[in-house]
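Subject: A structure for you to explore

Hi there,

Here is the structure I promised to send you. Have a look at it first, and then read on for what turned up in it.

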Amino acid sequence: MSLIDFRNVCKYYDGGVTALKDVNLSIEPGEFVSIVGQSGTGKTTLVKLLIAEEPPSAGRIVVAGWDITGISPREVPLLRKQIGVVFQDFKLLPRKTIAENVAFALEVSGAPGAQIKTVVPQLLKIVGLDHKADRFPRELSGGEQQRVVIARALAHRPKILLADEPTGNLDSFNTVEIIALLKKINEFGTTILLVTHNRDVVNELKRRVVMLDRGQIVSDQKRGRYVL
Amino acid sequence: MFLTTAQRVATLAGQNFWRNIWLSVATVTIMTLSLFSISLLGMLNSLSQEALSRLEEKIDISVYLKPTLKDTEVQAIKSDVASSVAGVKSVTLVTAAEALVRFKAKHEANATISESLLELEKNPLGATLVIKAVSEEGYRTILEELESSKFTPIIQEARFEDYRLIIDSITSLTSKLKRLGLMVSALFLIISLLVVFNTIRINIYTHREEIGIMRLVGARAWFIRAPFWAESALYAALSTLLAAAVFFPLLGAVQPYIDSFFNGWRFDLVEYFTARSFWFFGGQFLGAALLSILASTIAMRKYLRI
């Protein structure tokens, strides 16, 4: 059974704007899939639908056997514990240390203090920042901040890690580090959905590539390249 | 689990409070003014109630009986008045001898009266019946009945100490003051609600990034809302404490004026409000907390997109 299943999904906005049209996409557990395409092709809309930030206008979305098409606001937190999200602009809390930022994800969902104390150092170790636990985000490089975000996204041991342009604000050196980290996480069994328009990253990965153009999937290759 | 969550909610509420300290100070100040004006209204109410009940206690009819009547006759008249006159609550007898003792004590300093009394061989005063009516309205009826009945030949004089005019003027003055107080309190309450609403709105704006991250990492909606509710309750608690902290010294300061107003009757305001502080301030806290939680709920519904 697919982990993520989009069936004839459409998304329209006011003013007759079509963001997604008849999208059919199945992603298996453990896959590393790059969603590529130029700006305004519907990549971010796909992300918003997947984390239930917006509902689809038509079609059906199933995540881990759970039909989230008409998900209620009460159920959204449960879905978001299954999908870790990494954004281009990091979204870290500047007044909290990086350990506190990671712990925050567990605190708001009611995790016991003892669990937080155990899990946070483990997560920081995975992303290679255990020695900087007490630093504030402003004291870290862009690549390091993105690693903190990845650690936070992994806090709930999600089935899916959704990275929306995670290297958009990073130089090439940090980009390589972040992609390497995502590959490592994928090797542990987490399904990775990488939304990007970075041609080099996609070509280097040599994994499945789904290309969007004007809201439609125009190609889906098992070991693809970014070609346009 | 519950305690851990409650602790985290309280921490977030405290952070909201401290990170916008001047906004919080302004909110608490306005709420304190509202609660203080309500407390003043409470004080005014208790004072007027006390003054009215004291005055009502003073209303009675004094029936001065003729001095020629014998004690047995006086006793019979007393029982007769108590049983046959409608609307009588109680009849107290002041015997001729007691009346003389009281008269002497009252005019002790007046040498002429004292000498005149010595010259008289027997008590010139008769017994007095002090009558209390069941209701305030009953005094006039009782007086009229006494003056136009079988009792007329034995009564020397019946006097009704009428405090009605004073009672009416106090009632009128206090009701006007209460209305004014209610208007001032209502005005302060409306301002408080608007200030709390605005404070929460600004807090939501200040914490929009944090709220966005909370949503992203799977926080439940109530967990995001709870710190704002807790913050509103904190405003109410601090305002109640501050209002009480200003109110009690004020009571102490006005006590001498109250003492002179009641002219010998002791009405201890501090003691009165200390005995009722749990309900008085507890009620204020509950009301203020409910209203500010309502204001913050409206602000969240309007500005917190979760």
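This is a predicted model: local features need pLDDT of at least 70, side-chain atom pairs count only at pLDDT 80 or more; totals for chains, interfaces and linings use all residues.

Strand 1 and strand 4 of chain A pair in the antiparallel sense, over 5 bridges. Within this part of the structure, Phe6(A) stands opposite Ile61(A), a residue of strand 4 of chain A. The open sheet in chain A is built from 4 strands with antiparallel pairing, in the order 2-1-4-5. Which strands stand at the edges? They are strand 2 (17–27) and strand 5 (66–67) of chain A; each has a single partner strand, so one side of each has no neighbour in the sheet. Of its 228 residues, 42% count as buried. If you take the contacts in chain A between residues at least 6 apart in sequence, 69% of them join residues at least 24 apart.

Most residues other than glycine have a negative phi. Asn8(A), in strand 1 (residues 4–13) of chain A, has a positive phi near 50 degrees. Is Asn8(A) buried or exposed? It counts as exposed, because it has 12 C-beta neighbours inside 10 Å and the cut-off for exposed is 12 or fewer.

Ala52(A) also has a positive phi, of about 60 degrees, and is not a glycine. You will find Ala52(A) in the loop between helix 1 (43–50) and strand 4 (58–63) of chain A. Ala52(A) has 23 C-beta neighbours inside 10 Å, so it counts as buried; the cut-off there is 20 or more.

Glu144(A), in helix 5 (residues 142–153) of chain A, is partly exposed because it has 19 other C-beta atoms within 10 Å. From C-alpha to C-alpha, Glu144(A) is 7.6 Å from Leu129(A), while the two are 15 residues apart in sequence.

In soluble globular proteins, nonpolar side chains tend to be buried together. Here the largest nonpolar core has 105 residues, and Ile35(A), Val102(A) and Leu123(A) are among those with the most contacts inside it. Helix 9 (residues 221–262) of chain B gives the largest share of this core, 10 residues. Apart from this core lies another, of 14 residues, including Val74(B) and Ile142(B).

Leaving out residues up to four places away in sequence, what does Ile35(A) touch? Its contacts include Lys43(A), Leu46(A), Leu193(A) and Val210(A).

In helix 6 (residues 138–147) of chain B, Tyr139(B), Ile142(B) and Leu146(B) are buried. These three lie on the same side of helix 6 of chain B, because they cover an arc of only 65 degrees around the axis. The face turned away from the buried side of helix 6 of chain B carries Glu144(B) and Glu147(B), which are exposed.

**Where the chains meet**

Finally, 15 residues of chain B are in contact with 16 residues of chain A. Helix 8 of chain B gives the most to the side of chain B that touches chain A, with 5 residues. By class, that side of chain B has 8 nonpolar, 4 polar and 3 charged residues.

Enjoy exploring!

Best wishes

Definitions and conventions:
Residues are numbered from 1 along each chain as its sequence is written. Chains are lettered from A and ligands numbered from 1 in the order in which they are written. A nonpolar core is a set of buried Ala, Val, Leu, Ile, Met, Phe, Trp, Tyr and Cys residues joined through C-beta atoms within 7 Å. Helices (H or I, at least four residues) and strands (E, at least two) are DSSP runs, numbered from the N terminus. Two residues are in contact if their C-beta atoms, placed from the backbone, lie within 7 Å. Ala, Val, Leu, Ile, Met, Phe, Trp, Tyr, Cys and Pro count as nonpolar, Asp, Glu, Lys and Arg as charged, and the others, Gly among them, as polar. The arc is that of the directions from the helix axis to the C-beta atoms. Two strands pair if DSSP finds at least two bridges between them.
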